[in-house]
Amino acid sequence: MKKVEIKELIIFENDDYFFINKPPFISSLDERSGGATSIIRMAREYWPDAQLCHRIDKETSGVLAVAKNPAAYRHLSIQFESRQVTKEYHAVVNGTHDLDGVDVYLPILALPTGTVKIDKAKGKIAETIFFTIQAFKKATLVRCLPITGRMHQIRIHLSTLGAPIVGDEIYGGLPLYLSEIKRKKFNLKKDSEERPLIQRFALHANSLIFTDMNEQILDIKAPYPKDFQVLVKKLEEYSS
């Protein structure tokens, strides 16, 4: 992967914040292994006092808020904690589903393995609302509105609906191949192995809506990265 400069990722900036469209496969914070780059390290090369106001999974792409100063960090962190930030994610899930405001309210327990499970006795309250954006023959593009912010919340809540995210093997998701949706004239070169349409779980942090330091409402949207765009385009082309 070629080195990415944080300036290339910025989708909005003002005196207090900058927002990036995080590529997949880059961690928000420094990993324990140490070697790989992280968003926080890149952000501080650009702005020494930068602080991430939240985080998203390494494989997840999309909008990430970075504060330029401690006051701005506190201002947005309080909104996250009090659930005043509207977060919207888009996911491509296995199967055809009609989700019209489906509200999943199931408590989540973090496990020592770095994964989570639903645990009604010991888990922390978690709520996500789901809407179908577009249904295809083998998959569905889903709008996800997490009310709380638990680890892997969207992923496991979709799994409980029988709609795991494409490629999310931890929570029951399966890879999606072009041969599954393009039945006619699908030819694979001899001695070659077909690769999935997307090389990660198909989840994208699409937008954040919150109130800035000047009491203005900001609605920051992150365009789909290339791999997510290609996945949705192929589904539209061959399986709608």
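How many salt bridges does the structure hold? I looked this up before anything else, keeping in mind that the model is predicted. The count came out at seven salt bridges.

**Entry: E88 and R143.** I then checked where the partners lie: E88 belongs to strand β5 (residues 86-94) and R143 to strand β10 (residues 139-146). R143 came out partly exposed, at 29%.

**Entry: R200 and D227.** Next I looked at R200, which forms a salt bridge with D227, with 2.7 Å between the closest N and O atoms. This pair also joins distant parts of the chain, 27 residues apart. I found R200 in the loop between α5 (178-181) and β11 (203-211), and D227 in helix α6 (residues 226-239). R200 is buried at 2% relative accessibility, while D227 is partly exposed at 22%.

**Entry: K221 and D219.** I also checked K221, whose side chain meets that of D219 in a salt bridge at 2.9 Å, N to O. D219 has 39% relative accessibility, so I put D219 down as partly exposed.

**Entry: a network.** Which residues are linked in a network of salt bridges? I wrote down D57, R155 and D168.

How values were computed: Residues are numbered from 1 along each chain as its sequence is written. This is a predicted model: local features need pLDDT of at least 70, side-chain atom pairs count only at pLDDT 80 or more; totals for chains, interfaces and linings use all residues. Side-chain values use heavy atoms; hydrogens and water are left out. A salt bridge is a side-chain nitrogen of Lys or Arg within 4 Å of a carboxyl oxygen of Asp or Glu. Helices (H or I, at least four residues) and strands (E, at least two) are DSSP runs, numbered from the N terminus. Buried means under 20% relative accessible area, exposed over 50%, partly exposed in between (1.4 Å probe, protein chains only).
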